Amino acid sequence: MGNKTDVWQGTLALMVLKTLEAMGPIHGYGIARRIEQTSGNLLSLNYGTLYPALLKLEQEGFVASEWGLSENNRKAKFYKLTRAGRKQLEREARDWEQATAIIGRFLSPAEEA
Amino acid sequence: MRKLRALWMRIGGLFRFRGADGEFSAELESHVAMHVEDGVRAGLSEEEARRQAMIRLGGLEQTKIAYRERQGLPWFETLWQDARFGLRMLVKSPGFTVVAVLTLALGIGANTALFSVVNGVLLNPLPYPHADELVTVHASKQNFSEGSISYLNFRDWQRDNKTLEALAVSRGTGYSLTGMGDAEEIRAELVTSDFFPLLGVKPVMGRLFAPHEDEVGREPLVMISEGFWARKFGSRPDAVGRVLTLDGRDYTIVGVVPVNFDLQINNFRASDIYVPIGQFRNPALNYRAAGLGIHGIARLKPGVTLEQAQADMKQVSERLEQIYPEADQGIRAKLVPFKYEMVRNVKPLLLILMGAVGFVLLIACVNIANLLLVRSNARAQEFAVRSALGAGRVRLVRQLLTESLMLSLLGGALGLALASWGTKLLLRLLPEQLPRAADVHVSGAVLCFTLAVSLGAGTLFGLMPALRIFKQNLQDALKEGSRSATGSRQRVQSWLVVFQMATTLVLLAGAGLMIRSLMKLSEVDTGFQTRGVLTFGLQPTPTMINQGPDAERAYLREANARIAAIPGVDAVSFSWAALPMLSDDEDLFWLDGEAKPQNQAGMHWAIRYIVEPGYLPAMGIRLRKGRFLAASDDEHAQRAVVIDEVFARKFFGNADPIGKQIHLEQYDDPATVVGVVGHVNQWGLDNDAVNPLRAEIYQAMMQLPEQQLRLTMMGMDTVVHSRYNAEATFKSIQSAVAQMNHEQVVYNPESMEAAIAYTLTGRRFTMILLATFAGAALLLASIGLYGVISYLVAQHAREIGVRMALGADRRDVFRWVLVRGGKLAVFGAVAGVLAALALTQVIARFSSLLYGVHAYDPWTMAGVTLVMMVVALAACYLPARRAMEIDPMQVLRTE
């Protein structure tokens with residue numbers, strides 16, 4: 001666990017949106033697992049924080065939810081991206097790329113020196 | 001937008017805790033189950049898999065709490081919790097709650113009521129399109145800064161100005177309406193064609209006057225008010241085109257003016273009918289020097305400032321002065337903004353009252369703060385316990401503030417109810433003098449004001465005790481009970497009481513000065529008797545118009561005799577010019593020996609009373625020298641005038657005026673002074689002494705020139721003195737006059753007593769309200785002092801008991817308590833007198849409410865200080881008695 005990074009403030013929503021875009025309708029547990037897998041198990045996600053984040057996205061109208069059956073025939077709540085959510089994802093992804101690019105520029109010359 | 005949507009859903013979430021909770025539990029359950037399944041598949045025991053799942057989740061309950069906080073609005077839930085707790089605390093001490101809420105309700109209610117008046121009168125925009133472009137127009141001249149405009153000057157101003165969109169004039173008058181049931185005197189306003197269009201008034205039926213229809217020599221037309229239309233024509237549309245017989249002449253109705261039309265400026269009255277000014281049958285309409293009570297209104301062209309328009313009109317007036325030096329010497333157009341014209345008399349009064357009522361609320365807040373301080377003392381342990389259990393100080397302060405805001409909102413709600421009643425009461429106290437009374441009601445702005453005041457008050461009195469929590473060491477409180485912090489708390493309470501006392505003294509001083517002013521005014525010598533004097537209008541039958549001077553004089557003599565014969569009436573006189581306190585009229589003259597002046601500006605002015613011999617006894621005016629006008633001063637006799645002592649002193653100095661001759665502008669022959677009478681108060685009790693125009697002259701009605709004598713047949717005033725009351729007298733006069741001829745009317749009865757009382761309405765209103773506020777403040781402040789001293793006694797009961805046990809005299813104890821309270825009162829009085837000296841200066845500077853007293857009137861200041869000290873000592877008396885009756889044995893036993 002030692003090398004794992006905590007999820008940065010504010011990035012969880014972006015990860016959730018991206019996951020939903022990639023996976024289609026999926027339940028909370030699935031999202032959590034998927035985020036961990038995608039990060040190459042480098043992220044330590046407290047699963048409990050996922051649900052308030054999902055609720056916030058739902059309140060903002062970026063995701064929708066309904067009850068369904070999991071692959072193992074278990075009742076679970078499935079989340080999917082709404083049209084507004086798709087737009088929000090594009091917007092946030094763009095912002096994020098911009099932000100990392102800027103930080104990158106600051107960091108790379110320092111590494112050379 | 002998204003934020004808003006989320007907020008909305010969270011507010012919705014507040015009311016769906018349970019169902020949503022269950023749903024989330026199910027979701028978490030399925031999450032954990034899936035996690036466990038995965039774990040088992042990976043080879044863990046089920047128990048270990050569940051443990052791992054829980055660790056990764058971060059705890060079931062924690063997750064649920066995080067979810068719930070996101071679901072609703074946590075701060076709102078805390079607030080709700082605080083509110084419920086606060087409510088329980090308030091219900092637990094109903095005495096405190098009731099006193100606090102009622103105090104606040106009174107304070108906030110009074111503020112709201114007064115604010116609704118201020119809002120309606122001073123703040124609301126006027127109900128006319130682009131009202132800020134509207135001005136009233138007057139002629140400034142010698143003795144009158146806002147005098148009336150002559151018709152010819154008006155026409156030239158109208159034509160020559162470059163800055164006014166439109167200029168119109170109006171003048172009040174009355175007509176006798178015949179041919180529609182009983183003859184009736186109706187109120188009318190002469191207007192020009194631009195009058196209604198300028199204000200944006202649209203006719204309900206028919207049309208307005210067209211351009212040029214207002215000129216002299218045009219066909220007689222009339223517009224009627226909607227009320228008159230309903231009363232006389234049952235609101236039938238065919239009224240337009242019908243004919244009204246006014247003063248015996250037929251006027252065709254062209255339109256109906258809306259019912260709500262009223263211009264609340266000094267020189268205009270909403271009337272039954274409106275007539276083009278060209279129909280005014282006064283030959284003086286064509287004298288450029290005659291103002292005739294005509295005043296104007298105008299609309300500035302868009303973008304033109306008041307100063308530009310004023311400068312433009314000054315140029316116009318100066319040009320006219322050059323062309324007509326004789327009539328227009330020194331005459332200038334004067335523009336006054338509409339709103340200022342409407343409210344200038346009440347503005348300072350309302351602002352002073354608003355300030356006063358604000359003080360009362362402040363005092364009320366301080367009282368409640370004091371009560372809360374005592375309570376917070378009692379609750380110190382509670383807070384210590386809560387703090388020990390982990391409540392932060394901010395959280396505790398929030399709790400206290402929530403409680404005080406609940407109190408103030410409750411008070412505000414109750415206050416609003418009081419205010420809607422109080423506003424009506426205010427309007428009734430000040431019925432006619434208040435302009436724009438119809439605009440006064442509890443509006444949205446008033447509701448906002450009440451809410452803001454309630455929240456402000458709640459924060460103010462809640463913050464004081466709440467802040468103590470920050471200063472106080474809660475652990476000490478927990479250890480020692482409530483005694484540790486009392487010292488400094490008492491100091492705060494004492495200062496609050498001093499503040500209350502000081503504020504109260506300011507209010508008392510204001511009220512005291514008003515009362516002194518009114519007392520001084522009631523001592524003012526009016527120069528005439530008020531008891532039993534009745535004035536009313538008399539309009540002879542329309543057939544009397546244009547009958548010639550002989551018939552007119554015969555009529556006057558007969559009517560006078562008929563009225564004089566009525567039982568109880570012991571003197572009667574017709575009057576056709578100025579009447580003290582009611583109307584004014586002026587005469588111009590030059591003295592014998594002076595060259596005839598070139599123009600009016602070179603002449604002397606006097607207030608002119610055109611009366612009959614009965615006037616002197618009817619009004620009870622004192623004769624100083626010579627004789628008053630007599631029946632023999634008639635059309636055949638030499639012209640005689642009587643002057644008042646001011647006239648005599650001003651123009652004849654120490655010389656004997658009897659027999660002196662003066663030249664009145666309107667007569668060719670000189671007039672001889674036959675008598676001198678006492679000065680009569682013309683301009684109102686408070687204004688007469690300072691008015692530049694005070695000289696008075698009396699002329700005989702029978703000696704009026706023909707042209708003016710004819711005008712008396714269109715209506716004149718009558719003054720009678722009767723031994724019976726005004727109402728009964730007027731009834732007998734009505735029947736006597738109707739017996740003489742049923743087409744003549746008497747109208748508008750007014751007793752001199754009422755006329756004088758009316759001039760004092762504004763002052764009386766201010767005095768009553770200020771006195772009420774001051775009384776309320778005094779009551780509140782004495783309750784505050786009583787509370788603090790009682791608390792002091794309770795706190796020191798042990799000490800007092802011990803002292804008594806050691807042999808202290810009970811009277812010493814009594815004195816000790818009184819001195820403690822008296823000290824606070826003295827501090828308060830000193831601070832209050834200083835503040836009052838400053839604030840009463842403001843009253844004196846910005847209003848004319850004070851009469852005959854200085855803002856620093858020592859008698860008033862001493863009087864109100866004495867009143868306050870007496871009340872303060874009375875408030876300390878009960879606690880002092882209680883201290884004296886402490887039983888040392890009992891105190892020592894409980895130790």
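This is a predicted model: local features need pLDDT of at least 70, side-chain atom pairs count only at pLDDT 80 or more; totals for chains, interfaces and linings use all residues.
In which hand of crossing does α25(B) pass α28(B)?

**View 1. Helices α25 and α28 of chain B cross at roughly 30 degrees.** The crossing in which α25(B) passes α28(B) is right-handed. Here helix α25 (residues 761-795) and helix α28 (residues 858-884) of chain B bring their axes within 9 Å. Angles under 35 degrees count as roughly parallel, and α25(B) and α28(B) are therefore roughly parallel to each other. On the α25(B) side, look for residues including B:L778, B:L785, B:Y786 and B:I789; on the α28(B) side, the residues they meet include B:M868, B:V871, B:L878 and B:R882. Sorted by class, this contact holds 13 nonpolar residues, two polar and one charged.

**View 2. Helices α6 and α13 of chain B pack at an angle of about 160 degrees.** Helix α6 covers residues 94-123 of chain B and helix α13 covers residues 347-378, and their axes lie 9 Å apart. With angles over 145 degrees counting as roughly antiparallel, α6(B) and α13(B) are therefore roughly antiparallel to each other. Their crossing is left-handed. Among the residues of this contact, 20 are nonpolar, five are polar and two are charged.

**View 3. Strand β8 of chain B pairs with strands β5, β6 and β7 of chain B.** Start with β8(B), which spans residues 249-257. Strand β5 (residues 205-206) of chain B runs antiparallel to β8(B) and is joined to it by two bridges; there B:M205 stands opposite B:V256. Strand β6 (residues 221-225) of chain B runs parallel to β8(B), with five bridges between them, and B:S225 faces B:V257 as its opposite residue. Strand β7 (residues 243-246) of chain B is antiparallel to β8(B) and linked by four bridges, with B:T252 as the bridge partner of B:V243. Two residues separate β7(B) from β8(B) in a hairpin, and B:D247 in its turn has a positive phi of about 50 degrees.

**View 4. An open sheet in chain A has three strands in the order β2-β5-β4.** The pairing in this sheet is antiparallel. Which strands stand at the edges? They are β2 (26-27) and β4 (63-69) of chain A, each with a single partner strand, so one side of each has no neighbour in the sheet. Two bridges tie β2(A) to strand β5 (residues 75-81) of chain A, and A:H27 has A:F78 as its bridge partner in β5(A).

**View 5. Chain B meets chain A through 22 residues of chain B and 19 residues of chain A.** On the chain B side, the elements giving two or more residues are α1 (2-14), α2 (17-41), α3 (46-57) and α4 (60-71). Helix α2(B) gives the largest share, seven residues. The chain B side divides into seven nonpolar, eight polar and seven charged residues.

**View 6. Chain B is assigned four domains: domain 1, domain 2, domain 3 and domain 4.**

Key
Residues are numbered from 1 along each chain as its sequence is written. Chains are lettered from A and ligands numbered from 1 in the order in which they are written. Domain bounds come from an automatic or database domain assignment. Axes are lines fitted to C-alpha atoms, for helices over the stretch in contact, and angles run from 0 to 180 degrees between N-to-C directions. Angles under 35 degrees count as roughly parallel, over 145 as roughly antiparallel, 65 to 115 as roughly perpendicular and the rest as oblique. A crossing is left-handed if the near helix is turned anticlockwise from the far one by less than a right angle, and right-handed if clockwise. Ala, Val, Leu, Ile, Met, Phe, Trp, Tyr, Cys and Pro count as nonpolar, Asp, Glu, Lys and Arg as charged, and the others, Gly among them, as polar. Two residues are in contact if their C-beta atoms, placed from the backbone, lie within 7 Å. Two strands pair if DSSP finds at least two bridges between them.
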